[in-house]
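Welcome! Please take a moment to look over the sequence and the 3D view below, and then we can walk through some of the details together.

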Amino acid sequence: MAKLTIDDLKKIKEETAKSTSIRDGEANIKITVHMGTCGIAAGARAVMNALMEEMAEADRQDIRIVTSGCMGMCSSEPNVTVESKEAEPIVYQKMDANRMRQVFKRHVLLGEIQSDFALAKM
Amino acid sequence: MRELSLHILDVVENGITAGADIIRIQVEESRGANLLSIKINDNGRGIPAEKLKKLQDPFVTSRTTRRVGLGLSLLAAAAERCNGKLAVAVGIAGGTEVTATFQHSHIDRAPLGDMAATLATLLMGNPQIDFVYTHVADGNEFSLDTREIKKELGDHSLEDPMVIHRLGESIRTSLNQLRSTADKPEAREKNHGKTNDR
């Protein structure tokens, strides 16, 4: 029976040892990827995987990623909400991998709201 | 949905919304028996018996339970298109068990797609939930248990995007290997008897 072998896991552990620190600090920024049936059908998984890659690269301990269900705006899916302590939450609409990368690099890391992609302030 | 792995993501999200803390996903591909089956078992709060009967009707369900509206109906339609069916039963600890079957060779059967991306997405969004994934392709098996991973890498390892990203790549490689061996004629020949034994 094939498994993810202990060796595989050890390798992963070594490779990521630098970054694996416990995230006990409070999150300053929360990114919500909406994963209802509508979001998934519209491509939320690709958005999530792009976000994950960006997160792995940025290695910031104060950013948290969560998933949630449909928020009732199915026609603008995939939706992503970025919340930070200082500013009001922004809902981004019709996201794809590239838009997600841009929002992450500009809004999440630099605080520049990408109003071209924004659906609403909440 | 374009990929069966997206259906899986959708149904698992249902289980998470239902308050599950462990979810078992089982994919079985058998060319010998010409069958692809997907089983998702959660220990969430389950679906009440009277609603279980109405599940196949998207309108009834979407109005009575938001949680199981269109998602299961789409999966049922996808399975039935391919001479298969969807069954929803009571799962472990009163949760829900969803089983979808497909004729493996059916021209309308969507590809399984990027299962590794589905798993990575689930891990990323739900560090507090444990997942057990089993994939059998013509007798070859792959399995993954997040409880074992946490034991090996530490309790908080699956909160790290870098670990999940790397894990996703490993899963993708393993599954590609598993499924490509299954693709080879000699492997199919070898496993043909096995699958018929079941």
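## Two helices that cross in chain B

The crossing of H1(B) and H4(B) is left-handed. What you are looking at is a predicted model. Helix H1 covers residues 4-17 of chain B and helix H4 covers residues 70-81 of chain B. Their axes come within 10 Å of one another and cross at roughly 145 degrees.

Which residues make this contact? On the H1(B) side you will find His7(B), Asp10(B), Val11(B) and Asn14(B), and they meet Gly71(B), Leu72(B), Leu74(B), Leu75(B) and Ala78(B) of H4(B).

## A five-stranded sheet in chain A

Now turn to chain A, where five strands make an open sheet in the order E3-E2-E4-E5-E6, with mixed pairing. Strand E3 (63-68) and strand E6 (118-121) of chain A are the edge strands, and each of them pairs on one side only. From one strand to the next, the twist averages 20 degrees.

Strand E2 (residues 29-34) of chain A runs parallel to E3(A), and the two pair over six bridges. To find your way there, look for Ile29(A), whose bridge partner in E3(A) is Ile63(A). Helix H3 (residues 44-58) of chain A packs on the sheet, where it touches E2, E3 and strand E4 (80-84) of chain A. The direction of H3(A) makes about 155 degrees with that of E2(A). Helix H4 (residues 97-110) of chain A also packs on the sheet, touching E2, E3, E4 and strand E5 (90-92) of chain A. Its direction makes about 10 degrees with that of E4(A).

## The largest nonpolar core

The largest nonpolar core has 77 residues, and Leu51(A), Val80(A) and Val12(B) touch the most other members. Helix H5 (residues 115-125) of chain B gives the most to this core, with eight residues.

What does Val80(A) touch? Leaving aside residues up to four places away in sequence, its contacts are Ile31(A), Thr32(A), Val33(A), Val47(A), Tyr92(A), Met95(A), Met100(A) and Val103(A).

## A hairpin in chain B

One last stop is a pair of strands in chain B. Strand E5 (residues 130-137) of chain B and strand E6 (residues 140-145) of chain B are antiparallel and pair over six bridges. Within this pairing, His135(B) stands opposite Phe142(B) in E6(B).

Together E5(B) and E6(B) form a hairpin, with two residues between them. In the turn, Asp138(B) has a positive phi of about 45 degrees.

Notes
Residues are numbered from 1 along each chain as its sequence is written. Chains are lettered from A and ligands numbered from 1 in the order in which they are written. This is a predicted model: local features need pLDDT of at least 70, side-chain atom pairs count only at pLDDT 80 or more; totals for chains, interfaces and linings use all residues. Two strands pair if DSSP finds at least two bridges between them. Helices (H or I, at least four residues) and strands (E, at least two) are DSSP runs, numbered from the N terminus. Axes are lines fitted to C-alpha atoms, for helices over the stretch in contact, and angles run from 0 to 180 degrees between N-to-C directions. Two residues are in contact if their C-beta atoms, placed from the backbone, lie within 7 Å. A crossing is left-handed if the near helix is turned anticlockwise from the far one by less than a right angle, and right-handed if clockwise. A nonpolar core is a set of buried Ala, Val, Leu, Ile, Met, Phe, Trp, Tyr and Cys residues joined through C-beta atoms within 7 Å. A residue is buried if 20 or more other C-beta atoms lie within 10 Å of its own, exposed if 12 or fewer, and partly exposed in between; C-beta atoms are placed from the backbone.
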